[in-house]
Amino acid sequence: GTQAISVTLLMSFLVLATRGKDVRYRRQEEDNTQILTYQGVNKTIQMEDGDVYDCIDVYKQPGLNHPLLKDHKIQMKPSSIPVWMDTETFPSDSFSQAEPSIIECPTGTVPILRSNGSSTIATHNIDGLKNDMQWEVRAGLRYMGDLYGACASLNVWEPKVKGSQDSSAIWISIENRRGQQPDRVSAGLRVAPALSGDAFVRLHVAWFDGYSKKGCIDHNCPGYVQVHPHIGPGSRIQPSSVYGGDQRVADIQIFKEPKSNYWWVSYNNIAIGYWPGGLFEFIRYRGDLAFWGGQVEGPTASSKSPQMGSGHFASEGFGKAAFIRKIEIADDTVKFATPNRYMVEHGSSDQSKYTTGGFDISKDFGMTIY
């Protein structure tokens, strides 16, 4: 019986990963080579670690170039927020929190990362590389049922990615699968050399519109609206966890605001930006699947096998394998709670390379998976 359940679970994860591969957005040839330069640059900031950010007028940011957002009035913070969420300050128990780069852009502007070694802004489309041999594996936990938000504490690691076009993420996705192709919004931590020009772990957001079969990551096509002047997609997350030593976490939340139907993203309880619900055909109302876990993908990921999480199997446990804890979902009033354990399942679409284990629900750490 247990073996049959394992086989069924493996097959369902294979279907999930394969379907994700089928729906990748192929950009037009001219889009693939275009160089984005933006107007409205108020200030350029060089960080100590070498990153360069342009502070761009919030109303001239690239996300607003979407035809559906022509006269969009930006909402600077959510009007409905979970009771435990504070959009103004960092958590006080920050001893184990990995912090994002704080970019000192002026009020009324938003930070946009330039790709390293270039005077232009990073425009690569990691979630839709123009390659028919794109390969993807997921390992983690998923919830199936109506939901209006998902959050968790993600263990911060800097997995090694050998292929220059490959990537490795540990993050949260919410989907609505009512259409032919799923709508999806995602946020979390990712090592993506093609996107940033380096092998650092960074904060990234991504989305996919199943109706138009288009999607992308961060600011590389219009849709995602950034509002926070100091933290945004591309921010480096430091420090990483140490194998057998200090463990660091980053709290990520995605939730749908009931009044506006915007899908908000927050990092360590700070709201940083949103997707207007009108961008989507189905997820504008609710999600029906959430995923928390690792995802590796890319044209050479099958042969070069990027690390996922810490690069160690789930069976090694705390301090050695990557974990996700405090896994919660939100109802339509943005109240977060631990999901029903009988509505979640965990597994991997390639158990020979990537595993899950250690599923638990505890008073201190909520629902946890390695």
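View 1. Buried means under 20% relative accessible area, exposed means over 50%, and partly exposed is what lies in between (1.4 Å probe, protein chains only). Zooming in on Val185, and skipping neighbours within four places in sequence, its contacts (heavy atoms within 4.5 Å) include Ile172, Ile174, Trp207, Trp263, Trp275 and Phe280.

A word on conventions: residues are numbered from 1 along each chain as its sequence is written, and side-chain values use heavy atoms, with hydrogens and water left out. As this is a predicted model, local features need pLDDT of at least 70 and side-chain atom pairs count only at pLDDT 80 or more, while totals for chains, interfaces and linings use all residues.

**View 2. Arg184, a buried arginine in strand E8.** Arg184 is found in strand E8 (residues 183-191). Its relative accessible area is 12%, so Arg184 counts as buried. Its side chain makes a polar contact of 3.0 Å with that of Glu175. For a polar contact, take a pair of N or O atoms within 3.5 Å; within protein, one must be able to donate a hydrogen and the other to accept it, and residues adjacent in sequence count only if both atoms are side-chain atoms.

**View 3. The seven-stranded sheet.** Seven strands line up as E10-E9-E8-E7-E16-E5-E19 in an open, antiparallel sheet. Strand E10 (214-217) and strand E19 (344-348) are at the edges with a single partner strand each, so one side of each has no neighbour in the sheet. On average, neighbouring strands of this sheet are turned by 15° against each other, direction ignored. The axes are lines fitted to C-alpha atoms (for helices, over the stretch in contact), and angles run from 0 to 180 degrees between N-to-C directions. Strands are DSSP runs of E with at least two residues, helices are runs of H or I with at least four, and both are numbered from the N terminus. Two strands pair if DSSP finds at least two bridges between them. E5 and strand E16 (residues 287-298) pair antiparallel over 11 bridges, and Met144 stands opposite Leu289 in E16.

View 4. Tyr148 lies in the loop between strand E5 (135-147) and strand E6 (149-155). Tyr148 is buried, at 16% relative accessible area. Leaving out neighbours within four places in sequence, its contacts include Phe255, Lys256, Trp263, Tyr285 and Asp331. The C-alpha atoms of Tyr148 and Pro258 are 8.8 Å apart, although 110 residues separate the two along the chain.

**View 5. The three-stranded sheet.** Three strands make an open antiparallel sheet in the order E1-E2-E4. Strand E1 (41-46) and strand E4 (109-113) are the edges, each with a single partner strand, so one side of each lacks a neighbour in the sheet. From one strand to the next, the twist averages 25°. Five bridges join E1 to strand E2 (residues 52-57), antiparallel, with Gln46 opposite Val52 in E2.
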